[in-house]
Amino acid sequence: MPALCRDCLTEFDQGTRCPACRRPRVVQHDELWDLSIAHMDCDAFYASVEKRDNPELADKPVIIGGGRRGVVSTACYIARIRGVRSAMPMFQALKLCPDAVIVKPRMQAYVDASRAIRAMMEELTPSIEPLSLDEAFLDLTGTARLHGAPPAVMLARLVKRMKDELGLTGSIGLSHNKFLAKIASDLDKPHGFSVIGVAETEAFLRPKPVRLIWGVGAAGQAQLERAGIRTFDDLLRWDRQDLAARFGSMGDRLWHLARGQDHRRVTRNAPMKSISNETTFHDDTSDPDILDGHLWRMCEKVADRAKAKGLAGRVVVLKLKRADFTLITRRTSLPDATQMADRLYRTTRALFEQLADPGPYRLLGAALADLVPEEQADRAPDLLDPQAEARAGAERATDAIRARFGEDAILKGRALR
Amino acid sequence: MKISIERGALLRAVSQAQSVVERRNTIPILANVLIEAEGDTVTFRATDLDIEVLDKAPAQVERAGGTTVSAVTLHEIVRKLPDGALVTLAEDSAAGRLNVTAGRSSFNLATLPKEDFPVMASSEYACNFSAKSDVLRRLFDKSKFAISTEETRYYLNGVYMHVADADGGKALRCVATDGHRLARIDAELPSGAEDMPGVIVPRKTVGEMRKLLDDDDMEIAVSVSETKVRFATPDITLTSKVIDGTFPDYTRVIPQGNTRKLEVDASEFAKAVDRVATVSSERSRAVKLNLDEDRLVLSVNAPDSGAAEEELAVAYGDDALEIGFNAKYLLEIASQVDRENAVFMFNSSGDPTLMREGNDTSAVYVVMPMRV
């Protein structure tokens, strides 16, 4: 059986220790030299960057997140042992782990680290599909001749370089499609290397719960459970037609996934579906002025990102979380797509007023969805709002000033609320 | 209650009722139609709490009384019965059922008590007048396409019916707009309507009311208050709440000074617009109009999918003009024109354009250009 030492990259034939360096970090699999679709996932990425940059944190539980009120964005492995999880409210995390060091996210540092990793990945293959700053799919099909080594070796070299040069560890999942590669990368975290071959795909999936499927959350799980589907084994008992009849377009996908089939390609620029921004307040509030200020800032950020990407949205979404954590989302379609903060703000503001819910709220967010290229946006002026054109002009001028003199060079009064 | 009624009369009454009933209901009784028999008439009443329809039909009443059953189920049954059948509706109050029999078919439907059926509070109408069905039909048919579906501007989700100053004096006017196009339709003011309060008639009401107007020359009794509007034929009474909001001042957006006049055969124009728009891949299909000395070139240029161009002979004598529109909006306003040529009045490529039929100012349309 082909085997590879993940430390010294020696290729050999079978064994649990490397014949060259005698270390036990070995990956072996019958199809090791044949598989070429990989998922790379950094281990506790934000926390690892913080620990790297501040060695004092190395042996302490570290939580990355926004202040006392926010949620956990990343927890290091020490904090995870105590039960802290991503997306957990901060107060709950602190209950579980009172001695945790809370670090405010330094996005720029993470973006820099992510870019460095991306550059290393670019040397392996042009087929990279980033899912976020810290994970990506890689398709190394057909690169063996170019690199003079099979994909598995190149991937092991990638994580080794990440560790040696950037001080960051990642886990690799190697398989024959995206669905399985993503599952594999999670099997042996942190600093893992897992392989799911074609031969064992079905046997591997059979006993696994269906929540393994990306996109099947709590609601999807409940829906499947009502149909008596808990595991992949349950799923395999269903006819293709029956699944499609019961679950619509998802049904056909489930049928394929049950057999470990996933024909999605690794695409460099998976089209973006929405642009959103949200903020959790320091204190719950029902003060309309404060909420208005937050709303404007969120809309401005969303609009900034839309403009930066040359996109516009046809659907506007307002998201609010009440103090009791119940979530409210309201959406509306625009007749003419927009990327302007002013239109986004006015639309979300109208949605907010229609809610007629006094709050208090702990979170507010805004989003643009159903995205189209900016050439198709803001083209149809509103008969009933003749001032809109003037406001759009002012917004473009503001953007130009900020591009030249900095983000804070010019602000709306309501941004200060 | 026990009645016998001819299938045709029953179908007409029930179909009006079932179309008012909301398909998705959280309050079970709102899915039902209230049937009440008294003397020699039976009435059918259905509501969605905003609209109430009351339909009378002659029937042989053996036993007076009333009950409620699912409007959709009853409608489906009656629809499938053979034409000319005599239908008997008999309430079995002990079992809580309504027996529907016709010939050899018999059905047994669950009922809900009639006492639970919400009846719309009757109200005082400040204004009552009578209008011919074809007059109302024109007012609403020509304006309803412009009704907005934007929930954030709910006050645009209907037709604004009010009394206005038109060229020839006071007029009964209907206006609808979604901010991108606007329709303003006038009719002679019926006597008694002088003091009518302006009301926004909701989209659904417009659709339901339209079914009352199919016969020409029928007199429709219209009653209007600040909060409700009622349309009645001798058999059917439709009562609706109006949209609680202020319709924007539309007079400001109707261009007065547009001087560049284009005259074109409306149906040729619509067909050409439809043809060139085929190649557009965007959802808001933009069509460009190039105007020059008696010549109109319609074009679409979609970098991803292709290009199209068509030339039309028109009457145009002003400076050359290039202006873009959403193809759908052009098609909709062009289809309102049925007798004469469509006359477009342009100003510049960024200003609202006005369209009317010949020189008739009793129906004008405004459409906002789009950047192409």
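## The second largest pocket

In this predicted model, the lining of the second largest pocket comprises 15 charged, 10 nonpolar and 4 polar residues. The lining is made up of 29 residues, and the pocket has a volume of about 640 Å³. Nearest to the centre of the pocket lie R343(A), D382(A), D385(A), A388(A) and R391(A).

Three elements of chain A each supply at least two residues of this lining: strand 14 (327-338), helix 14 (341-355) and helix 15 (388-405). Helix 14 of chain A gives the most, contributing 7 residues to the lining.

## The interface between chains A and B

Contact between the two chains involves 21 residues of chain A and 25 residues of chain B. Together, chain A and chain B bury about 2000 Å², with 52% of that area on carbon and sulfur atoms. On the side of chain A, the residues that lose the most area to chain B are R379(A), L383(A) and L384(A), which together account for 41% of what that side buries.

## Helix 6 of chain A

Helix 6 of chain A spans residues 151-166 and has 16 residues. From its first C-alpha to its last, helix 6 reaches 21 Å, close to the 22 Å expected at 1.5 Å a residue.

The buried residues of this helix include P151(A), A152(A), V153(A), M154(A), L155(A) and A156(A). Further along helix 6, L158(A), V159(A), M162(A) and L166(A) are also buried. In an α-helix there are 3.6 residues a turn, so residues three or four places apart point the same way. Helix 6 of chain A is followed by G167(A), which has a positive phi, near 70°.

Notes
Residues are numbered from 1 along each chain as its sequence is written. Chains are lettered from A and ligands numbered from 1 in the order in which they are written. This is a predicted model: local features need pLDDT of at least 70, side-chain atom pairs count only at pLDDT 80 or more; totals for chains, interfaces and linings use all residues. Side-chain values use heavy atoms; hydrogens and water are left out. On a 1 Å grid over the protein atoms alone, a cavity is a set of points where a 1.4 Å probe fits but cannot get out, and a pocket is an open set with protein on both sides within 12 Å along at least five of seven lines; lining residues have an atom within 4 Å of a point. Grid points are joined across faces, edges and corners, and a volume is the space filled by probe spheres set on the points. Helices (H or I, at least four residues) and strands (E, at least two) are DSSP runs, numbered from the N terminus. Ala, Val, Leu, Ile, Met, Phe, Trp, Tyr, Cys and Pro count as nonpolar, Asp, Glu, Lys and Arg as charged, and the others, Gly among them, as polar. The expected span of a helix is 1.5 Å times one less than its number of residues. Buried means under 20% relative accessible area, exposed over 50%, partly exposed in between (1.4 Å probe, protein chains only). Contact means heavy atoms within 4.5 Å. Buried area is the accessible area (1.4 Å probe) that two parts lose on being put together, summed over both.
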